[in-house]
Structures are given as C-alpha cells and as structure tokens.
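I opened this notebook to record what I looked up in one structure. The entries follow in the order in which I made them.

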Amino acid sequence: MRSDCPQRVALGGVLGASVGASFGTMIGLWECLKAWPGTRQALFIITRYAGASALGFGVFMGVGSFIRQCEELSSDAATHKIWTPPSQAAQLRLQYARLLSSISQPKV
C-alpha cells in the first residue's frame with residue numbers, strides 16, 4: 001500500500017462530498033420550487049437533500065479513489081503491460097514492416 005493512500009482517499013471523499021452537496025442543493029431547490037412548503041421547511045428540505053447526496057457521493061468517490069490508487073498490483077497485473085512506450089512501439093512497427101516486406105518478396 002502506498003504511503004499517501006489515506007490522503008488520497010480523503011481527497012476523493014471530499015471531492016465527492018462537494019459534488020454531492022452541490023447536486024443535492026440543486027435537487028432540494030427544485031423540490032422546494034415545485035411546492036413551496038414555507039421558509040423553515042424549505043431550508044430543512046434543501047439541507048436534507050444536500051447532506052444525503054454529499055454522503056453518498058463522498059463514500060463512492062472515497063472507495064473509488066482507494067480502488068484506483070491505493071490497491072497494490074497483483075503479480076499477474078504487474079507482468080502484463082497495458083501501455084507500450086512510444087519508442088518501443090516504433091521499434092515494434094519497424095519489425096512488423098520488415099516482417100511483412102520479407103513475406104511479400106518472392107524468393108528466387
């Protein structure tokens with residue numbers, strides 16, 4: 001596990017909570033505009049939606065950042081390269097072109 005993992009998980013949770021609070025505020029405002037329940041009830045409804053959305057988004061973003069950044073690679077995943085560096089990709093293309101040209105040339 002990486003040493004900065006708790007900070008990354010906390011940052012993911014905070015970012016998710018801020019997005020969730022914004023989204024929940026918009027949904028709460030929409031609900032209050034549809035049927036105006038009064039000032040006191042409107043504030044309660046808006047904060048309830050904002051809090052619930054912030055909690056949900058924060059938990060999912062925290063878990064997602066843990067899975068993405070803090071989980072150690074297994075031995076199988078470490079041996080299989082997903083990305084090829086550009087220099088190695090150029091060498092592979094050159095080898096492939098040479099192979100194709102050697103196959104397409106008739107042998108005398």
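Predicted model: local features only at pLDDT ≥ 70, side-chain atom pairs only at ≥ 80, totals over all residues.

Residues are numbered from 1 along each chain as its sequence is written, and side-chain values use heavy atoms, without hydrogens and water.

**Whole chain.** I found four helices and zero strands in the protein chain; helices are DSSP runs of H or I with at least four residues, strands runs of E with at least two, numbered from the N terminus. Of the 108 residues, 18% are buried (under 20% relative accessible area, 1.4 Å probe, protein chains only).

**Helix pair.** I next looked up H1 (residues 5-34) and H2, whose axes come within 5 Å and cross at roughly 150°. The axes are lines fitted to C-alpha atoms over the stretch in contact, with angles from 0 to 180 degrees between N-to-C directions. H1 is therefore roughly antiparallel to H2 (the term applies to angles over 145 degrees).

**Ser53.** I located Ser53 in helix H2, which spans residues 39-70. Is Ser53 buried or exposed? Ser53 counts as buried because its relative accessibility is 16%. Beyond its neighbours within four places in sequence, Ser53 is in contact with Gly20 and Gly24 (heavy atoms within 4.5 Å). I also recorded 5.2 Å between the C-alpha atoms of Ser53 and Gly24, which are 29 residues apart along the chain.

Note on methods:
Buried < 20%, exposed > 50% of the residue type's maximum accessible area, 1.4 Å probe, protein only. Parallel < 35°, antiparallel > 145°, perpendicular 65-115°, else oblique.
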